[in-house]
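Thanks for coming. Please have the sequence and the 3D view open while I talk, and stop me if you lose your place.

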Amino acid sequence: MSVEEVALEVKGDYVRQLAAKGMRQDKRKMDEYRPIKVTPNFIPHALGSSYVELGKTKVIAGVSMAVGTPYPDTPASGTLMTGAEFAPIASPLFESGPPRPAAIELARVVDRGVRESKTIDFDKLCITEGEAVWMVMLDLHVIDYDGNLFDSSSLAAISALLNARIPKYEDGKIIREETSGKLPVSKKPVECTFAKVGDVLMLDPTLAEEQGMDARLTVATTEKSICAMQKGGSGSFSLDEVEGLIDQAFKKGKALRKLL
Amino acid sequence: MGMKSDIQLIKDGKRLDGRKPNELRDITIKAGVLDNADGSCYLEWGGNKVLAGVYGPKQCLPRHLSNPYKAVLNYRYNMAPFSVDDRKRPGPDRRSVEISKISAEALERVVLLEKFPETMVDVYVEILQAEAGTRCAALTAASVALADAGLPMKDMVTAVAAGKIDGTVVLDLNKAEDNFGQADVPMAVLQHSGEIVLLQMDGDLTQKEFHQAATMAIEASKKVYELQKAALKDKYKERGSK
């Protein structure tokens, strides 16, 4: 066990003691986000990008596009691929190498929030049916890690997609310098993550709070509906707790959407 | 979820396979089917055929992954190449890594791992034939296999999915419903405490629809739980009659 892991375990215990008294390390309310800053188009060379700070957590999302063959069952639709990298620069807890289960889970939960909200009109990404479609590649790059990568990454993702442009495509060639319009994105799905520490439910857990938590629940919402959910951790929720958190996710989601 | 189609999934209140909205597919469970594994289970759930095997508690390898306070639980959800129409490339893909992660977390809630520090428990689930709802079938089978291995557990984990097709909330989606439906909510619950230990959702649901789907899945899990218990009892009955 590394020194960092031991230190984190101590912090996790501290967070649990605080939570039992109804308190948080940074004096936040249980339903309060850390300060959030969204900087769209952070990497102007990318087709779409965004840089999000959520407290000390920092994430960059980038959009790239390529032309490829569609899946046989959806010959007239473009595709989306989401990847996440926990770059070792972001934390002493991250190591270089192939993505670990946590990074895979992050990418898939962010992907699900975007995909299931139907915010991207994939039919408009068809170039020639059955032959050529735009493949949207969404890459999440964690650069400083202090917990709640789900909310920060999904916010960066939708922000990057909202400012993404489609390059021009002529005679089988992509002309990156010219654009043929914006990526067709219509909704703003956002994710809210709650941690359960003992019996206490708290929004937007920090790394120490994630260490101390029993379970977490991420709820992705659009204005009207839930589009994805994911429970994690070895603890559990009652149905009442889940429904209460969904309710909160709708309320907090509204505030998040205003940042986009 | 949500591939476009003109297929009508509900006709006259009945689904394509003749089920009512709140009806499960046929489920059969058999415990103790493998010789080498410490515990095992074979489960059929509609067209799903799933085999779960448990090894352990045993020495934790590699050593640095061992935990001085409790056993490490490893869960491997694996689809056989022939389990789906288009051959599945062998080995873990991103989907199975995610399913394995959340399924392990669900089981960690019930297995008394703190009784076996410095060891590990391996749970292997092979999906031999897949027809929607494999993660629930797999977790339900894994829970029986763990009990069959004699591991002390607080409760059984019972997993059932609910979802939405043609605007109606239904239980236990089949393949067509999974492909063309509007939402899928896999859940795992503990019978005695009502705790939810696995919850995912994708698609489009209102709060009201989620409530309906979750209640439906929890209600149905009671039936599946009875089948899990019966499978474990049957194993000993069979032994006694030999």
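This is a predicted model: local features need pLDDT of at least 70, side-chain atom pairs count only at pLDDT 80 or more; totals for chains, interfaces and linings use all residues.

**Where the two chains meet**

In this model, 27 residues of chain A are in contact with 28 residues of chain B.

Which elements of chain A make up its side of the contact? Helix α2 (101-116), strand β12 (226-232) and helix α5 (239-257) of chain A each supply at least two residues to the side that touches chain B. The most comes from β12(A), which gives seven residues to that side. By residue type, the side of chain A that touches chain B divides into ten nonpolar, nine polar and eight charged residues.

Let us stay with β12(A). Over four bridges, β12(A) pairs with strand β11 (residues 196-205) of chain B, in the antiparallel sense. Two positions can be found on your screens. A:Ala228 has B:Asp202 as its bridge partner in β11(B), and A:Met229 stands opposite B:Met201 in β11(B).

Is β11(B) buried or exposed? Ten of its ten residues are buried, so β11(B) is largely enclosed by the rest of the structure.

**The sheet across both chains**

Now zoom out from that pair of strands. The open sheet has eight strands, in the order β10(A)-β9(A)-β11(A)-β12(A)-β11(B)-β10(B)-β8(B)-β9(B), with antiparallel pairing. At its edges stand β10 (200-203) of chain A and β9 (168-171) of chain B; each has a single partner strand, so one side of each is left without a neighbour in the sheet. Ignoring direction, neighbouring strands of this sheet are turned by 20 degrees against each other on average.

On the chain A part of the sheet, strand β9 (residues 190-197) and strand β11 (residues 215-221) run antiparallel and are joined by seven bridges. One of the partner pairs there is A:Thr193 with A:Thr218 in β11(A).

On the chain B part, strand β10 (residues 183-190) is joined to β11(B) by five bridges, and these two strands also run antiparallel. B:Ala183 has B:Gly203 as its bridge partner in β11(B). The hairpin of β10(B) and β11(B) has five residues between the strands, and B:Gly194 in this hairpin takes a positive phi near 75 degrees.

α2(A) lies across β9, β11 and β12 of chain A together with β11 of chain B. The helix runs at about 165 degrees to β12(A).

**A helix and a hairpin in chain A**

Next is helix α3 (residues 149-162) of chain A. It has 14 residues and reaches 20 Å from its first C-alpha to its last, close to the 20 Å expected at 1.5 Å a residue. The helix is mostly covered, with 14 of its 14 residues buried.

Take A:Ala160 in this helix as an example. Why does A:Ala160 count as buried? Because A:Ala160 has 29 C-beta neighbours inside 10 Å, and the cut-off for buried is 20 or more. Leaving out residues up to four places away in sequence, A:Ala160 touches A:Gly48, A:Ser49, A:Ser50, A:Ala61, A:Gly62 and A:Val63. A:Gly172 is twelve residues from A:Ala160 in sequence, and their C-alpha atoms are 26 Å apart in space.

Strand β7 (residues 165-170) and strand β8 (residues 173-182) of chain A pair in the antiparallel sense over five bridges. A:Glu170 has A:Lys173 as its bridge partner in β8(A). Two residues lie between the strands of this hairpin, and A:Asp171 in the turn has a positive phi of about 45 degrees.

In soluble globular proteins, nonpolar side chains tend to be buried together. Here the largest nonpolar core has 149 residues, and B:Leu107, B:Val123, B:Ala141, B:Ala142, B:Met187 and B:Ala217 have the most contacts inside it. Helix α2 (residues 134-148) of chain B gives the most to this core, with ten residues. Not counting residues up to four places away in sequence, B:Ala141 touches B:Cys41, B:Leu43, B:Val50, B:Ala52 and B:Val125.

For contrast, look at B:Gly47, in the loop between β4 (39-45) and β5 (48-59) of chain B. B:Gly47 is partly exposed, with 15 other C-beta atoms within 10 Å. Beyond its neighbours within four places in sequence, B:Gly47 is in contact with B:Gln129 and B:Glu131.

Conventions: Residues are numbered from 1 along each chain as its sequence is written. Chains are lettered from A and ligands numbered from 1 in the order in which they are written. Two residues are in contact if their C-beta atoms, placed from the backbone, lie within 7 Å. Ala, Val, Leu, Ile, Met, Phe, Trp, Tyr, Cys and Pro count as nonpolar, Asp, Glu, Lys and Arg as charged, and the others, Gly among them, as polar. Two strands pair if DSSP finds at least two bridges between them. A residue is buried if 20 or more other C-beta atoms lie within 10 Å of its own, exposed if 12 or fewer, and partly exposed in between; C-beta atoms are placed from the backbone. Axes are lines fitted to C-alpha atoms, for helices over the stretch in contact, and angles run from 0 to 180 degrees between N-to-C directions. The expected span of a helix is 1.5 Å times one less than its number of residues. A nonpolar core is a set of buried Ala, Val, Leu, Ile, Met, Phe, Trp, Tyr and Cys residues joined through C-beta atoms within 7 Å.
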